[in-house]
Amino acid sequence: MRLGVMGGTFDPIHHGHLVAASEVQSLLDLDEVVFVPTGQPWQKAGREVSPAEHRYLMTVIATASNPRFSVSRVDIDRPGPTYTLDTLRDLHEQRPDAELFFITGADALAQILSWKGVEELWDLATFIGVTRPGHELSKTGLPQDRVILQEVPAMAISSTDCRNRVVAGEPVWYLVPDGVVQYIGKYQLYRPGAGVLQDET
Ligand code: ATP
Ligand code: MG
């Protein structure tokens, strides 16, 4: 079986993530794409990331209607910072028969050589680098046979922009799925002093 892996902070998940995953699923004939929300992302140690349960649930809401999409808790249930090396090792262990395809935007692909255990990464998965507005997609310095570059519909959306919009009272309708708009409102995410799940009644 051919298994796509879409890793991300998903704070919040938006239509850029969903279109990229859908397009790669179709073009590479993947049986399934598993979305993997990070635990504490090591690249984002400087900023406050929403609690993992919120990010996980928004990812579940956003992907629930697609029969080829699923969500994994491997990264949020593993203590400590999230490294893609551990993500792929754990998924490989859980599903030894699956061939893994790790989907990543152009910005993240450009960082990959700085990731922990990069040499082993190439053995664990094929990397699918997808286009992202504002970022150059390139294989420079990467093993040519382990990386595939794929154009996807251009969605100039980032989670950072979505969060800033919420802070400013601007709409995120149509940037994120409807259920995610409602979830953000329900739990007052991205507003100063936003509560954690357990505090809500
Ligand atoms: P943030 O602004 O918080 O960094 P983000 O929008 O970059 O959020 P991430 O969760 O960091 O989202 O990204 C997860 C993965 O999805 C990364 O590989 C990233 O490159 C890719 N990605 C995010 N947004 C897009 C987009 N609009 N088009 C294509 N790929 C995207
Ligand atoms: Mg990002």
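Reader: What is the mean pLDDT of the protein chain?
Author: This is a predicted model, and its scores are ipTM 0.99 and pTM 0.94. In the protein chain, 94% of residues reach a pLDDT of 70 or more. The mean pLDDT of the chain is 93.

Reader: Which element gives the most residues to the shell around ligand 1?
Author: The shell holds 18 residues, the closest being G8, G16, G105, S159 and T160. Two or more residues come from each of α1 (15-27), β6 (99-105), α5 (106-109) and α7 (159-168). By type, the shell divides into six nonpolar, nine polar and three charged residues. The largest contribution, three residues, comes from α1.

Reader: How far apart are the end C-alpha atoms of α2?
Author: Helix α2 runs over residues 52-63, twelve residues in all. At 1.5 Å a residue it should span 16 Å, so the model agrees with expectation. The end C-alpha atoms are 16 Å apart.

Reader: Against which elements do the buried residues of α2 pack?
Author: The buried residues of α2 are A52, H54, R55, Y56, M58, T59, A62 and T63. Their packing partners are α1, β2 (32-37), β4 (69-71), α3 (74-77) and α8 (178-186).

Reader: Which residues touch the most other members of the largest nonpolar core?
Author: In soluble globular proteins, nonpolar side chains tend to be buried together. The largest nonpolar core here has 43 residues. I103, beyond its neighbours within four places in sequence, is in contact with G4, V5, M6, A20, A21, V24, I128 and V130. The residues that touch the most other members are V5, A21, F101, F102 and I103.

Reader: Is Y174 buried or exposed?
Author: Y174 lies in the loop between α7 and α8, and its phi is positive, near 75 degrees. Y174 has 11, so it is exposed.

Reader: What is the omega of the peptide bond from D11 to P12?
Author: Most peptide bonds are trans. P12 sits in the loop between β1 (2-8) and α1. The bond from D11 to P12 is cis, with omega near 0 degrees.

Key: Residues numbered from 1 in each chain as written. Chains lettered and ligands numbered in written order. Predicted model: local features only at pLDDT ≥ 70, side-chain atom pairs only at ≥ 80, totals over all residues. Near = placed C-beta within 6 Å. Helix = DSSP H or I, 4+ residues; strand = E, 2+ residues; numbered from the N terminus. Nonpolar A, V, L, I, M, F, W, Y, C, P; charged D, E, K, R; others polar. pLDDT = per-residue confidence, 0-100. Core = buried A, V, L, I, M, F, W, Y, C linked by C-beta atoms within 7 Å. Buried ≥ 20, exposed ≤ 12 C-beta atoms within 10 Å, placed from the backbone. Contact = placed C-beta atoms within 7 Å. Expected span 1.5 Å × (residues − 1).
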